[in-house]
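Please read the following note with the model open beside it.

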Amino acid sequence: MPFITAEFFVKGKDGRNWLVVPPLPRYATQVRGRLEELAVPEAAPTDGGSIPSICWNIPGFAPFGETTWPGYVFHDAAYKGLFGTDWTRQQCDDLLLEIMLYSGADYIHAYTIYTALRAGGQAAFDKDRSNVALTPKDI
């Protein structure tokens, strides 16, 4: 599925934690079985990929890789419930895989990251979802 906003930007001070700034990234996906347009909101936090630092120098596994970075930004937003709290962990992880492949990541790297995420991402999902503030639509 295509990006609607081809470029997007982040700002940060510590080199690891970033906030999304305009122009805001938008992406069209069918990962949940219907066409949806996702927009990452302004000031959405991201820390890139949660790749162990020992792997950062291995080509394709940097937390801010060119072909993986866009997926990490959308994945962080999805885990945090910024597209709605009805997104399951599976759907969030599938979104990352879809965006990595669309962005040009090769299958070996994309599926290695995806498989590691599926094996070890539950705690991060639970933590992010426990921090989601209730909105009127959730009550």
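Which hand, left or right, does the crossing of α1 and α2 have? Point 2 gives the reply.

1. Basis of the note. This is a predicted model, in which local features need pLDDT of at least 70, side-chain atom pairs count only at pLDDT 80 or more, and totals for chains, interfaces and linings use all residues. Residues are numbered from 1 along each chain as its sequence is written, and side-chain values use heavy atoms, with hydrogens and water left out. Helices (H or I, at least four residues) and strands (E, at least two) are DSSP runs, numbered from the N terminus.

2. Helices α1 and α2. The crossing of α1 and α2 is right-handed; the term applies if the near helix is turned clockwise from the far one by less than a right angle. Their axes come within 8 Å and cross at roughly 165 degrees. Axes are lines fitted to C-alpha atoms, for helices over the stretch in contact, and angles run from 0 to 180 degrees between N-to-C directions. The two helices are therefore roughly antiparallel, a term for angles over 145 degrees. Contact means heavy atoms within 4.5 Å.

3. Helices α2 and α3. The axes of α2 (residues 89-102) and α3 come within 10 Å, crossing at roughly 165 degrees. That makes α2 roughly antiparallel to α3. This crossing of α2 and α3 is also right-handed. Among the residues that meet are Leu96, Leu97 and Met100 in α2 and Tyr111, Tyr114 and Leu117 in α3.

4. The largest pocket. The largest pocket holds about 550 Å³ of space. Of its 27 lining residues, Gly48, Gly49, Ser50, Ile51 and Leu117 are the closest to the centre. On a 1 Å grid over the protein atoms alone, a pocket is an open set of points where a 1.4 Å probe fits, with protein on both sides within 12 Å along at least five of seven lines; lining residues have an atom within 4 Å of a point. Volume is the space filled by probe spheres set on the points, which are joined across faces, edges and corners. Helix α3 gives the most to the lining, with five residues.

5. Backbone details. A cis peptide bond, with omega of about 0 degrees, joins proline 22 and proline 23. Proline 23 lies in the loop between β2 (18-21) and β3 (26-29). Alanine 43, although not a glycine, has a positive phi of about 70 degrees. Alanine 43 is in the loop between β4 (36-39) and β5. Most residues other than glycine have a negative phi, and most peptide bonds are trans.

Key
Angles under 35 degrees count as roughly parallel, over 145 as roughly antiparallel, 65 to 115 as roughly perpendicular and the rest as oblique.
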